[in-house]
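Subject: Structure handover

Hello,

Please find the structure below, followed by notes on what was found in it. The notes go from the DNA to the chain contact, then to some local features.

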Protein chains: 2
Amino acid sequence: MTIDDIARDLGISKTTVSRAISGKGRIGQETRDRVLRYIEENNYRPSAIAKGLAQSKTFNIAFVMPGDYSNADLPFFQKCMWGISTMASQRDYDVIISMVDEGNLSQLVRMIDHHKIDGVILSRTLEKDEVASYLMTGNVPFVTVGSAEEDSIIQVDNDHFGACRELTSILLHKGIRKIALIGGSTNVIVNQKRLLGFREAYMKAGIPVDNSLLYLDIENTGRIEGIVEEILAKNADCIVCMDDFICSYVLNKLDKDHIKIPEEIKVASFYNSSVLEQHQPAITELKFDVAELGMVCCNTLLDYIDKKEVKQKTLLGYEVLMKESTKN
Amino acid sequence: MTIDDIARDLGISKTTVSRAISGKGRIGQETRDRVLRYIEENNYRPSAIAKGLAQSKTFNIAFVMPGDYSNADLPFFQKCMWGISTMASQRDYDVIISMVDEGNLSQLVRMIDHHKIDGVILSRTLEKDEVASYLMTGNVPFVTVGSAEEDSIIQVDNDHFGACRELTSILLHKGIRKIALIGGSTNVIVNQKRLLGFREAYMKAGIPVDNSLLYLDIENTGRIEGIVEEILAKNADCIVCMDDFICSYVLNKLDKDHIKIPEEIKVASFYNSSVLEQHQPAITELKFDVAELGMVCCNTLLDYIDKKEVKQKTLLGYEVLMKESTKN
DNA sequence: CTGAAAGCGCTTACAG
DNA sequence: CTGAAAGCGCTTACAG
């Protein structure tokens, strides 16, 4: 069934039918109701593709994700995608996936060349920005989930800096001073922010950071066991992990050595990926609503596509979950 | 730039231009070359959406996945999606994601109603088939990754039955007879096949299965520790896990209790999800090429959409990886 | 081998 | 408030 069929059946022009559906342009209330009722009864759905051609739009956005991301990131992408896809659907858009591995943009390029999308969501904080710069030169609307380096990029992120600062502050206020920090690559922007938040908390408390307790750029998980031993030997009060992946290795090691949490050492994580969800004792951690992150990001992109005003940088909240693992 | 621009610039009709690009219909070699060269030089790309409208196609397929799948399944979905998306891209298609949680098909329904896709890939072996039956009544072309219950459904899967039988056979031939099996829900079709393969191997070897060593329908991972203790008490030679998720819990427990693999007990897994990749000692397991699964599945769907002949059921291979963990 | 024309199913100035 | 007509950028019988 097409708009023509409806027009014929109702004895009106298809212009009128179109207006009744879209809500654009003047139209008599009665006529509109008649059209709407007919559509409802006959279960008519306009073809997005024909509508798209007429409006030079596709009603599709692309979600770019690295094809080679690690298992640790998987839950993040899943939830984020859920948020994006849910919001897109609500606004009558769909999301096309585009996997980029090792800088191979061909999938994305094809999609853009063929006019298959109206905009793009980038799903990882970029270090060198190959994709971002491609999109900028091509003048393709896009938004990043997570912070980007360039300020001109529209970005949506959680407030990792604030979150890490707050969690660290709380620990310090509880009298937990000798805190070891284990973290991944400092090239990754979010890790930089986490470290900054950690330091800021110390600064505000007027306590110097013990740099010998900072274990950064730990990319090889095999090293973690040794690091934990070192930390224990140094008699630290607490181990803070930059993410749950690291944290799960730390917990494993402590478990294996029968070291009691929180009695013998406390543990906290700067990120909750649901990997640790059921851990006993419960782990103190930061909670971010990743599904919401995805939704806000999607909304921002669609607003931008619709030429609405959009915040250049949106910062979303966090929760500090104090649990058993840092009890005094 | 459109096809009209090219026609005008080249002084030919747009019919001819279209033919040169699509390769359909008779056209002089010289004319074609001229068009192709022009296109190359001016970097022209036809609009997929206009092409789609003219052909009543979208060049998009949907990839349906459960919105609530567990972390254990994540690596599977990632790789599968990679395979699908790579193949789709090669064949000039794109893949739209559709998340279905708790039987809420609205996203998918919207997509189909609005004519946004040409076909669907279902990504999980369905127990009750809500999505499948919806697609069947709507006459939407679709293929499943993994086996489906109904034979009329086009499906692509790995040969789990054969794989499990072979691994079990090898263990039996090595003289490992007292094998405990820990598995998840027997409602899931793939788990049924794994169990059948296991039993078949025993049958072929003329050895009766010790049913008291079968721990099935283990949905609560909390129970695994106790089960391992029971198995150890029963003096089993080997623990076979139906998937890596279960296996990682088993390994954890054994590690905690300082039980040596393979000296004190052997361990094997019926699935390799890369969760255990770096485990010491290396774990004997089955290997399936999930990316290939995705690619074949996508190919099958696109062939079907193109009205080509398609196998009703495609069974892909496997590898048995004998490792340290089952050494005599 | 090539082209004029109709068509895919919508939208949107323009005129009334 | 409503409609005829042109247009979005392609494809494809049909005719030559």
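Around DNA strand C there are 28 residues, of which A:Ile3, A:Ser18, A:Ala54, B:Ser13 and B:Gly28 come nearest. Please keep in mind that this is a predicted model. Two or more residues of the surface near DNA strand C come from each of α2 and α4 of chain A and α2 and α4 of chain B. The largest share is that of α2(A), with 6 residues. Sorted by class, the surface near DNA strand C holds 10 nonpolar, 13 polar and 5 charged residues.

Now the other strand. DNA strand D has 28 residues around it, and the nearest are A:Ser13, A:Gly28, B:Ile3, B:Ser18 and B:Ala54. The elements giving two or more residues to this surface are α2 (14-22) and α4 (48-55) of chain A, together with α2 (14-22) and α4 (48-55) of chain B. Here α2(B) gives the most, with 6 residues.

In chain A, helix α1 (residues 3-10) packs against α2(A) at an angle of about 110°, with the two axes 8 Å apart. Angles of 65 to 115 degrees count as roughly perpendicular, and α1(A) and α2(A) are therefore roughly perpendicular to each other. On the α1(A) side the contact is made by A:Ile3, A:Asp4, A:Ile6 and A:Ala7, and on the α2(A) side by A:Lys14, A:Val17 and A:Ser18. These residues divide into 4 nonpolar, 1 polar and 2 charged.

The contact between the protein chains takes 33 residues from chain B and 33 residues from chain A. On the side of chain B that touches chain A, at least two residues each are supplied by α4, α5, β2 (94-100), α6 (106-113) and α11 (244-256) of chain B. The most come from α5(B), which gives 7 residues. By class, this side of chain B has 14 nonpolar, 12 polar and 7 charged residues.

Next, a helix in chain B. Helix α12 (residues 290-305) has 16 residues and reaches 23 Å from its first C-alpha to its last, close to the 22 Å expected at 1.5 Å a residue. Among the buried residues are B:Leu293, B:Val296, B:Cys297, B:Cys298 and B:Ile305. The buried residues of α12(B) pack against β1 (60-66), α5 (74-90), β3 (119-122), β4 (142-145), β5 (154-158) and β11 (313-316) of chain B. Just after the helix, B:Lys307 takes a positive phi of about 65°.

One residue of β11 is worth a separate entry. B:Leu316 is found in that strand of chain B and is partly exposed, with 15 other C-beta atoms within 10 Å. Leaving out residues up to four places away in sequence, B:Leu316 touches B:Asp157, B:Asn158, B:Asp159, B:Glu292, B:Leu293 and B:Val296. Between B:Leu316 and B:Phe270 there are 16 Å in space, C-alpha to C-alpha, and the two are 46 residues apart in sequence.

Some backbone points remain. Most residues other than glycine have a negative phi, and most peptide bonds are trans. The peptide bond from B:Ile261 to B:Pro262 is cis, with omega near 5°, and B:Pro262 sits in the loop between α11 and β9 (266-269) of chain B. The bond from B:Gln280 to B:Pro281 is also cis, with omega near -5°, and B:Pro281 lies in the loop between β9 and β10 (284-287) of chain B.

Positive phi values occur at two asparagines of chain B as well. B:Asn43 has a phi near 55° and lies in the loop between α3 (29-42) and α4. B:Asn43 is exposed, with 8 other C-beta atoms within 10 Å. B:Asn139 has a positive phi of about 65° and is found in the loop between α7 (130-138) and β4. B:Asn139 is exposed too, with 6 other C-beta atoms within 10 Å.

Regards

Technical notes: Residues numbered from 1 in each chain as written. Chains lettered and ligands numbered in written order. Predicted model: local features only at pLDDT ≥ 70, side-chain atom pairs only at ≥ 80, totals over all residues. Helix = DSSP H or I, 4+ residues; strand = E, 2+ residues; numbered from the N terminus. Expected span 1.5 Å × (residues − 1). Buried ≥ 20, exposed ≤ 12 C-beta atoms within 10 Å, placed from the backbone. Contact = placed C-beta atoms within 7 Å. Near = placed C-beta within 6 Å. Axes fitted to C-alpha atoms, helices over the stretch in contact; angles between N-to-C directions. Parallel < 35°, antiparallel > 145°, perpendicular 65-115°, else oblique. Nonpolar A, V, L, I, M, F, W, Y, C, P; charged D, E, K, R; others polar.
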